[in-house]
Amino acid sequence: MHKNTLQTIRKRIQSNELPDDVLALQLADIEDTKALTVIASELRDKGFHNVVTYSPKVFIPLTHLCRDVCHYCTFAQVPRKLKAPYMSEQEVLDIAQRGAELGCKEALFTLGEKPELRYKAAREALSEMGFDSTLDYLLHVAGRVFKETGLLPHLNPGNLTPEELTRMRSVSPSMGIMLESISERLCEKGMPHYGSPDKIPAVRLRTLADAGVARIPFTTGILIGIGETRLERVESLLAIRAIHAEHGHIQEIIVQNFRAKPETKMAEAPEPDLNELLWTIAVARIIFGAEMSIQAPPNLSPGVLPQILAAGINDWGGVSPLTPDFVNPEAPWPHLEDLRRETASVGKHLQERLTVYPKYAQEFSTWIAPELHQAILDNVDSSGYPRTDPWSPGEDTDPPAMVLAAIGGSPKTISQDILAILDKVDNTIDLTEADIVRLYEARGDDFTAVTQAANALRKTQNGDTVSYVVNRNINYTNICYFKCQFCAFSKGKLSENLRGRPYDLSHEEIQRRTTEAWSRGATEVCMQGGIHPEYTGDTYLGILRAVKDAVPDMHIHAFSPLEVWQGAATLSIDLETYLRQVKEAGLATLPGTAAEILDDEVRDIICADKINTDQWLEVMEVAHKVGFRTTATIMYGHVERPEHWARHLIRVRNLQKRTGGFTEFVPLPFIHMEAPMYLKGKARKGPTFREAILMHSVARLTLSPYIQNIQASWVKMGHKGVKACLSAGCNDLGGTLMNESISRAAGTTHGQETSPQQMAQMIEDCHRTPRQRTTLYENATSERISTGLAAAELTDIINTPAHKYERKRRGPLERPGLIKAVEV
């Protein structure tokens, strides 16, 4: 019978189905804990791979008063035993501030249930502070903690009405209430919940359901060893699952083992043994499946943490470097390094999380109150995990030491699915979207394995040579009628308050910059700009001729697919005809910018009126057909997720397989500081350093063997950042630039030129061989190299002022991303 139950469960798991209620109830009779934990750990690995999370927090016991009298509890006290009925605001803020300084991200507010309904002392204290209820005070002080310390509150105030839940949601991205048990028997006389009206199962289940209606990410769980049976545990878990199935808001299930405490009615009650704890964890995992977070507090089971991990948990809960566990004060938190070591002992990587779990942080617009959106975005990466260091692209901050160490580390335990994906790369099998997303999720030893595999592939394809090109960026205008939400460079009628004044370079200034670039050793000018409302396809042809008139031998790398599309449209000719015209006028190659994220779900948010995904790909395909070589880029780290990165890479790869026209792939991390969508609180702070490294590594692995040049942007990553990229799959550092305007407008502090000498030094610092190249990856001539090494200082640039904004050219402005052009 039991064997058949386990076999049936395995079959359902293989079909990605949860055991139904009838099957789940049969688990109560299975005694084989080992068999259950094997199934549970496999499920956990399917959902969370090698990652085990914890939340660095401070524990704030706002009040120890409670109207309930649970027989096992020492948290609740009577007024005469307390210094004060409530913590003062200043006491709360002091703890929160110290916690923030120690790296905590969560403020866990724990308190008794509505003590003012039982104690006069509570009512009087609240009145003196100017509050009508404990919940009013909680709402106020949690709001202050959030605003003044940046910690994200997690509230555990007990049972709440729908109205109360809605009020608390405005200051708390997540909340919780332990169900403990749905056994009515435990509320009878002589049982642990007798005399505790808030522990009536129906009341607590109502709060769980109301929290789902309110769309609050919610924590709950069961308490084992207080007199319940195994069947009652399963029934409690199924009750939670039913509510979650309706609302989708339960973010974690806690399996907490009872600890007997002196001076309670259950002081002599037996505690559940390790087998009971492991059995219950495994059953919880099996009932909820691979995706639910299952937690067991590490301080309640010292010495057996590897066994608990093996039973199927993926989370340790909150761990504080400052405050004790006030509910279980006899059980100190493990030291973080000890917890990390014990987690690693079973091949898992300890990873911080926020109080709100990654899925809900990713879907913040659905699950988090608007007042908290920017705080969530500022704190998370693309997967919803917290940023754990201050690095952002463009800022003058050293890369995090832990990530640098991981790139060059020695992985001990690599997940089997990662090994299988890397084996596909070795066998030149194209990676699927799911494969690519999994590589982007790599953490711990998996991260090290991915970056080192990319670097080994780089060595096979490119050797130890690192290339760069001496070039000059010429951004001919910063006036643009498009409304890209990430761009701090373009200027329109209403954007003069942004960095710099509007300009529109004269042909003479373009020629002067081109001539100066040639005199300083450049082989290329890279030209792009805003889409000026007065520009037509003829404008771009004129710019090309001006450059060629000044320096006939200069390679012109210019015009993204957006300029090409707009140029063709304004002349009412097809793409191929226009591309042949610009080629005739001197254009040699095209940059692959304006790609941003090649997925219209993202483009609809960040650049809705720009060319869409299919249009970008169409321009590039036609360009390749005409004989142009082009680059391909990705601009990442704002609103998108890893699945969008994967789709982007697949679309680039598919086009390359058809045309072979891309010379290189260039990841461009989002510079957030001056970007409009960041300033509006609608974007992340660029990728984390880990994500930036992985972007280059995964690009190498995904695009191989079709694109074999992966470039790192020093202007966005910084010199130290690109050095790290060279150990993670990159073989090219792009251009010296001479003038860099677009990233600097967005806030980068990494300068506007890296000289050939600096390029060579960076490369040699990484024990690699520098090579000055042309745009098409040929070797630069000795004359160009020697000229560049002897280059004089740049003269000051002259941005020809734009005097008028009034339009002269009539007709619609071309907005290819929209259904039709917009008349203005």
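A crossing of two helices is called left-handed if the near helix is turned anticlockwise from the far one by less than a right angle, and right-handed if clockwise. By that rule, helix α28 and helix α29 cross in a right-handed way. The structure here is a predicted model, in which local features need pLDDT of at least 70, side-chain atom pairs count only at pLDDT 80 or more, and totals for chains, interfaces and linings use all residues. Residues are numbered from 1 along each chain as its sequence is written, and side-chain values use heavy atoms, with hydrogens and water left out.

**Two helix pairs**

Two packed helices are described by the angle between their axes and the distance between the axes. Axes are lines fitted to C-alpha atoms, for helices over the stretch in contact, with angles from 0 to 180 degrees between N-to-C directions. Helices (H or I, at least four residues) are DSSP runs, numbered from the N terminus.

| Pair | Residues | Axis distance | Angle |
|---|---|---|---|
| α21 and α23 | 537-550 and 575-585 | within 9 Å | roughly 20° |
| α28 and α29 | 689-703 and 714-726 | 10 Å | about 50° |

Angles under 35 degrees count as roughly parallel, over 145 as roughly antiparallel, 65 to 115 as roughly perpendicular and the rest as oblique. So α21 is roughly parallel to α23, while α28 and α29 are oblique to each other.

Where do α28 and α29 touch? Phe689, Ala692, Ile693 and His696 of α28 make the contact with Met717, Gly721, Ala724 and Cys725 of α29, contact meaning heavy atoms within 4.5 Å. Sorted by class, this contact has six nonpolar, two polar and no charged residues. Here Ala, Val, Leu, Ile, Met, Phe, Trp, Tyr, Cys and Pro count as nonpolar, Asp, Glu, Lys and Arg as charged, and the others, Gly among them, as polar.

The crossing of α21 and α23 is right-handed. In α21, the residues Gly537, Tyr540, Leu541, Leu544, Arg545 and Lys548 meet Tyr578, Gln581, Val582 and Ala585 in α23. The classes in the contact of α21 with α23 are six nonpolar, two polar and two charged residues.

**Cysteines**

How many disulfides does the whole structure hold? The search finds zero, a disulfide being a pair of cysteine sulfur atoms within 2.5 Å. For Cys187, the nearest cysteine sulfur, in Cys70, is 8.9 Å away. The sulfur of Cys487 is 6.3 Å from the closest cysteine sulfur, in Cys484, which is too far for a bond.

Cys187 is buried at 18% relative accessibility (buried means under 20% relative accessible area, exposed over 50%, partly exposed in between, with a 1.4 Å probe and protein chains only). Cys487 is also buried, with a relative accessible area of 18%.

**Glu508**

Glu508 lies in helix α20, residues 507-519, and counts as exposed because its relative accessibility is 57%.

Terms used: Helix = DSSP H or I, 4+ residues; strand = E, 2+ residues; numbered from the N terminus.
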